[in-house]
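Please walk through this model with attention to its strands, its helices and the charged pairs between side chains.

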Amino acid sequence: MSLRYLRCIPYLLPVVAALGAPVLAQPAEPGPVQDGYPKNWGIDMLHYAFALQLSDDTDVITGQATIEARYLEPEQSTLRLDLINQSVALEGKGMTVDRVHIGGEDLPFRHEDNQVFIELGREVAAQEQIQVTVEYHGIPATGLKIAPTKHGDRSFFSDNWSSRAKNWLPTVDHPYDKATNEFIITAPVHYQVISNGLLMEESDLGDGLRRTHWKNSVPIATWLYVLGVAEFAVQYVDTFNGKSIQTWVYKQDRDAGFYDFAVPTKQALAYFSDLIGPFSYEKLANIQSNSVGGGMEAASAIFYGDRSVTGTRSRRWQHVIVHEVAHQWFGNAVTEFEWNDLWLSEGFATYYTLLFRAYAYGRDDFVEGLKNARNRVFAYYEDDYDFRIIREHLPDLNNVSGGMIYQKGAWVLHMLRALVGEDAYNQGVRAYYSAYKDLNASTGDFRRHIEEASGMQLDWFFDQWLYQGGVVYMDGHWQYNGTTSELVIFLRQTQPTYTFRVAPTFDIIYDDGSKERLSFEFKGSAAVEQRMETAKPVVEVIPDPNTELLARWTFERQ
């Protein structure tokens with residue numbers, strides 16, 4: 001614990017709020033569960049400017065964070081930030097706050113329990129803005145990886161997922177309060193620096209140092225704040241709607257990296273813009289990094305693992321690129337209020353990657369992706385049948401993911417699209433995106449927009465697929481009596497627990513090659529029988545012909 005009381009001042013420096021600036025708002029449709037983070041809906045974080053000094057001689061970073069906040073409610077006289085304390089438990093790593101001030105006038109503060117509590121000296125008026133500067137230093141325990149690349153060159157790469165920005169950046173480290181940001185980096189001149197937004201300045205300072213300044217003017221969550229400092233090869237690949245598409249790879253991987261990342265970024269940007277709505281950010285850079293294994297969707301500057309560059313444009317890594325580009329819409333532009341609603345990010349990015357595959361490679365590739373995702377879901381539920389996509393309790397906000405949030409979340413969207421129809425689904429998603437672009441949303445917000453577009457009540461659908469565990473096991477058979485021309489389909493759900501309301505479809509194949517589609521709804525474990533007379537002999541009955549139900553089937557002729 002660190003406690004310092006410096007000279008207190010009796011006033012604040014008010015800053016006039018910009019007209020039209022986003023205002024922090026609680027969710028219109030709050031979910032039944034929250035992640036436990038201590039939110040303060042009375043303060044809206046607006047902007048962070050981080051001036052950092054990096055060195056080849058030490059892993060200590062020296063920082064100055066200038067923080068702008070608007071006070072939405074009166075009678076508040078403090079500001080709380082997240083920042084990991086230096087400690088023995090972290091082997092001496094962590095941050096030490098040296099000074100906090102407004103306009104050069106010192107403020108008293110406490111740095112304890114990985115939080116900085118700043119005393120402002122008086123109650124701040126409602127709608128007043130303040131600008132506070134925090135000076136600090138230390139070695140990041142995590143959040144900023146200072147380590148060699150695969151080629152042995154020193155580098156600095158952020159790794160803020162999901163709540164690790166506070167290891168090196170004083171912030172409100174939670175997605176509910178988005179803010180714009182900038183990084184002003186002073187580092188040895190042999191490095192290039194990449195971050196969110198647009199490049200504002202590159203200046204050689206002498207003594208082997210260079211200042212690089214990036215500024216992002218779109219509000220984003222802190223896990224999306226990004227910094228990469230390494231010896232890069234940089235290519236300006238193309239533009240999309242006047243916005244630069246860039247590739248940043250290790251200098252040794254120039255040729256292979258430029259080849260790998262040349263596609264399919266522009267194609268994905270165009271597809272998602274047409275399908276969902278406008279791209280929010282000021283550029284899009286694909287960046288090779290040693291701080292992630294697969295991809296990390298940092299807004300406007302996506303990280304990919306050390307091994308992502310192969311020179312082969314492998315289909316696996318192409319899918320990763322599309323997934324991270326999809327995140328620029330879901331997770332980045334529209335961000336969940338609560339980590340419990342992570343599926344609004346990962347489930348959507350996974351499903352929209354599959355939709356892009358259908359667009360780019362054809363329906364067979366789309367169905368293959370759906371089946372692979374379904375297989376992963378059922379393999380997972382064999383070990384954890386009670387797993388819920390939206391969980392009641394998240395004990396560790398640094399560990400909010402779960403594999404099935406991706407694959408099962410994607411399947412939930414696929415089933416929803418089949419249920420309400422493609423046109424209503426797309427209309428609802430576009431309205432949802434338009435309403436919450438650069439803001440935050442909840443699962444209830446998304447459901448409301450789909451209900452409005454479709455005219456359907458969907459609480460039962462969201463309840464069974466998101467708020468309860470389990471998956472559907474279908475057991476059944478069919479028989480055809482040529483004498484009576486009667487087809488009988490017998491079906492029941494056999495999963496050990498949980499009930500589901502489902503409406504499976506079947507293709508009835510006749511002896512002349514023609515077919516007819518049948519669908520019927522049922523719920524629970526009670527067996528159902530569907531009888532129908534046919535005008536022609538039946539030779540085959542195919543369950544779920546369009547791959548639209550997340551179920552494992554045992555179904556045969558009897």
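Helices (H or I, at least four residues) and strands (E, at least two) are taken here as DSSP runs, numbered from the N terminus. The model is predicted, so that local features need pLDDT of at least 70 and side-chain atom pairs count only at pLDDT 80 or more, whereas totals for chains, interfaces and linings use all residues. Residues are numbered from 1 along each chain as its sequence is written, and side-chain values use heavy atoms, with hydrogens and water left out.

Just after α4, glycine 362 takes a positive phi of about 105 degrees.

Turning to the strands, two of them pair if DSSP finds at least two bridges between them. Strand β5 (residues 94–102) runs antiparallel to β9 (residues 128–139), joined to it by 7 bridges, and within this pairing threonine 96 stands opposite histidine 137. Strand β5 also pairs with β6 (residues 105–106) in the antiparallel sense over 2 bridges, with histidine 101 opposite aspartate 106. The hairpin formed by β5 and β6 has 2 residues between the strands, and glycine 103 in the turn has a positive phi of about 55 degrees.

The structure holds 33 salt bridges, each defined by a side-chain nitrogen of Lys or Arg within 4 Å of a carboxyl oxygen of Asp or Glu. One of them joins arginine 154 and aspartate 59 at 2.9 Å, N to O; this pair links distant parts of the chain, 95 residues apart, with arginine 154 in strand β11 and aspartate 59 in the loop between β2 and β3. Arginine 154 counts as partly exposed because its relative accessibility is 24%, and aspartate 59 counts as partly exposed at 30%. Lysine 166 and aspartate 173 form another salt bridge, at 3.7 Å between the closest N and O atoms, and both residues are buried.

Key: Buried < 20%, exposed > 50% of the residue type's maximum accessible area, 1.4 Å probe, protein only.
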